[in-house]
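Me: I am new to this structure. Can we go through a few of the labels and see what backs them up?

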Amino acid sequence: MTTAPAGSDPTMEAIGRAVAEGRAGDTASARRRLLSLWSAIGVTGDPLHRCSLAHHLADLHEDPAQALAWDIRALDAADAVTDQRVQEHHAGLRVAGFSPSLHLNLADDYRRLGSFEAATEHIDAARAHAPGLPRGPYGDLLRGAVHEVAEAIAGRDRTPRASAPGSPA
């Protein structure tokens, strides 16, 4: 039996490899890998693993109903993650930093499905959590996406956003 080095997390590393594969264009293989990991983790497994996996798996689905199912799982798991657990993975992370992105994704899913009331609830939650976003490219990207999705909701636009993760290029 081999043991992982102190501080490493083989499950998070496997999630990262599958995400990289999906970003490289092989979304079908990435989905298969993540679904296999999901089966191994289980619905009561480590909430950080479940949140990360579900969040990334949602991005691999063009169908907003399928993405919605995974985004709901990600938000549910985030509610069970502690700052201590997140910081075991990466010292600079906080659970509160997950909320804007998770609610943004749900708002976008609901918007694409034409459920504008639910979309509005989640975009409002994303906005409420946005002040906690870090300064810099990541925070700027999310703040811009929140604004973009809010405008699409206001315009009752169900069109997929070209800038959304997982959107066909």
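Me: Why are helix 7 and helix 8 called roughly antiparallel?
Reply: This is a predicted model. In it, helix 7 (residues 116–129) and helix 8 (residues 137–154) pack at about 155°. Angles over 145 degrees count as roughly antiparallel. Therefore the pair gets that label. Their axes are 10 Å apart, and the crossing is left-handed.

Me: Which residues make the contact between helix 7 and helix 8?
Reply: Helix 7 brings Phe116, Ala119, Thr120, Ile123, Ala126 and Arg127. Helix 8 brings Val146, Val149, Ala150 and Ile153. By class, eight are nonpolar, one is polar and one is charged.

Me: What makes tyrosine 110 buried rather than exposed?
Reply: Its relative accessible area is 19%. Buried means under 20%, so tyrosine 110 qualifies.

Me: Where is tyrosine 110, and what does it contact beyond its neighbours within four places in sequence?
Reply: Tyrosine 110 sits in helix 6 (residues 99–112). Beyond those neighbours, it contacts Leu68, Ile72, Ser115, Ala118, Ala119 and His122. Its C-alpha atom is 9.3 Å from that of isoleucine 153, 43 residues apart along the chain.

Me: How do you know how helix 1 runs relative to helix 2?
Reply: The axes of helix 1 (residues 10–23) and helix 2 (residues 27–41) cross at roughly 160° and come within 7 Å. The cut-off for roughly antiparallel is over 145 degrees, so helix 1 is roughly antiparallel to helix 2. This crossing is left-handed. The contact residues divide into seven nonpolar, four polar and two charged.

Definitions and conventions
Residues are numbered from 1 along each chain as its sequence is written. This is a predicted model: local features need pLDDT of at least 70, side-chain atom pairs count only at pLDDT 80 or more; totals for chains, interfaces and linings use all residues. Side-chain values use heavy atoms; hydrogens and water are left out. Axes are lines fitted to C-alpha atoms, for helices over the stretch in contact, and angles run from 0 to 180 degrees between N-to-C directions. Helices (H or I, at least four residues) and strands (E, at least two) are DSSP runs, numbered from the N terminus. Angles under 35 degrees count as roughly parallel, over 145 as roughly antiparallel, 65 to 115 as roughly perpendicular and the rest as oblique. A crossing is left-handed if the near helix is turned anticlockwise from the far one by less than a right angle, and right-handed if clockwise. Contact means heavy atoms within 4.5 Å. Ala, Val, Leu, Ile, Met, Phe, Trp, Tyr, Cys and Pro count as nonpolar, Asp, Glu, Lys and Arg as charged, and the others, Gly among them, as polar. Buried means under 20% relative accessible area, exposed over 50%, partly exposed in between (1.4 Å probe, protein chains only).
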